[in-house]
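Colleague: Before we discuss details, could you put the model on the screen and take me through its geometry step by step?

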Amino acid sequence: MKNLNKRVKKYAMFFFIGISTFYLSGYILRGIHAPRSIHLMLLIYWTLFATGVLVIRDFSPSFILKGFAISFGALFLISAGFFVLGAYNHMNSAEYWIGAEKLGTVPEKYAVVTESEIVEYPALKRALKTAGQDFRIDSTEWKQVEEFLHLKESNVIKVGEDYYQVHLSMSVA
């Protein structure tokens, strides 16, 4: 029983190595973006993992493999959880923005939009009238404009003789 407790403590240490790698990486790598941040996070992981193996002094392949699986599994699960949470927050953000920029030159690719089509999208109409200024709209209007531009296969549109670049953005709450 004493041997089992010792083994559980060893594996628990590797579990916490995986979790602490995530938090240490978030603290140390603040401001560094992917893919460099991922490479550096793995470097921190390998350093902590090697230190854990050296502290425990059990160099059997089966122990090292189990320790790796436990620590990397914990690191992977907590990282995946934060990515899922970020995606969820992004898709359910509180603020939706639209804006348009009037272009001075004729772009290579654009979609022709008629005045009658614009009437159906009041937010798009307002964005074209106030070109250069972004403003908040509700999610329903934002999604309608997004689908409309997706159907047109371009967010660069021609209305009359003018060309506009339409910007749609969300802010994570």
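Modeller: Two strands are taken to pair if DSSP finds at least two bridges between them. Please keep in mind throughout that this is a predicted model.

Colleague: With that criterion in hand, in which sense do β4 and β5 pair, and over how many bridges?
Modeller: The cut-off asks for at least two bridges. Between β4 and β5 the pairing meets this in the antiparallel sense, and the number of bridges is four.

Colleague: Which glycine lies in the turn of the hairpin that β4 and β5 form?
Modeller: The two strands of this hairpin have two residues between them. In that turn there is a residue with a positive phi of about 65 degrees, and this residue is Gly 160.

Colleague: Which residue of β4 stands opposite Val 112, and which residue of β5 stands opposite that residue in turn?
Modeller: On one side, β2 and β4 pair in the parallel sense over two bridges, and there Val 112 stands opposite Lys 158. Towards β5, the residue that stands opposite Lys 158 is Tyr 163.

Colleague: Are the side chains of β4 buried or exposed, for the residues Val 156 to Val 159?
Modeller: Val 156 and Lys 158 point one way from the strand, whereas Ile 157 and Val 159 point the other way. The cut-off for a buried residue is under 20% relative accessible area, and on both sides of β4 these residues are all buried.

Colleague: What is the order of the strands in the whole sheet, and which strands lie at its edges?
Modeller: Five strands form an open sheet with mixed pairing, in the order β2-β4-β5-β1-β3. Pairing on one side only marks an edge strand, and this holds for β2 (111-112) and β3 (135-137).

Colleague: Which residue of β3 does Tyr 96 stand opposite?
Modeller: Strand β1, residues 95-103, runs antiparallel to β3 and is joined to it by three bridges. Within this pair of strands, the residue opposite Tyr 96 is Ile 137.

Colleague: Which strands does helix α5 touch, and what angle does its direction make with that of β1?
Modeller: Helix α5, residues 122-129, packs on the sheet and touches β1, β3, β4 and β5. Its direction and that of β1 make an angle of about 45 degrees.

Colleague: And what angle does the direction of helix α6 make with that of β5?
Modeller: Helix α6, residues 139-152, also packs on the sheet, where it touches β1, β2, β3, β4 and β5. Its direction makes with that of β5 an angle of about 135 degrees.

Colleague: How are α5 and α6 oriented to each other, roughly parallel or roughly perpendicular?
Modeller: Their axes come within 8 Å and cross at roughly 80 degrees. Angles of 65 to 115 degrees count as roughly perpendicular, and therefore α5 is, relative to α6, roughly perpendicular.

Colleague: How many residues of that contact are charged?
Modeller: The contact is made by Pro 122, Ala 123 and Leu 124 of α5 together with Glu 141, Val 145 and Phe 148 of α6. These divide into five nonpolar residues and no polar ones, and the number of charged residues is one.

Colleague: How far apart are the end C-alpha atoms of helix α1?
Modeller: At 1.5 Å a residue, the 27 residues of α1, residues 2-28, should span 39 Å.

Colleague: Is Arg 57 buried or exposed?
Modeller: Arg 57 is found in the loop between α2 and α3, and it has a positive phi of about 60 degrees although it is not a glycine. Its relative accessibility is 67%, and since the cut-off is over 50%, Arg 57 counts as exposed.

Methods:
Residues are numbered from 1 along each chain as its sequence is written. This is a predicted model: local features need pLDDT of at least 70, side-chain atom pairs count only at pLDDT 80 or more; totals for chains, interfaces and linings use all residues. Side-chain values use heavy atoms; hydrogens and water are left out. Contact means heavy atoms within 4.5 Å. Axes are lines fitted to C-alpha atoms, for helices over the stretch in contact, and angles run from 0 to 180 degrees between N-to-C directions. The expected span of a helix is 1.5 Å times one less than its number of residues. Angles under 35 degrees count as roughly parallel, over 145 as roughly antiparallel, 65 to 115 as roughly perpendicular and the rest as oblique. Ala, Val, Leu, Ile, Met, Phe, Trp, Tyr, Cys and Pro count as nonpolar, Asp, Glu, Lys and Arg as charged, and the others, Gly among them, as polar. Buried means under 20% relative accessible area, exposed over 50%, partly exposed in between (1.4 Å probe, protein chains only).
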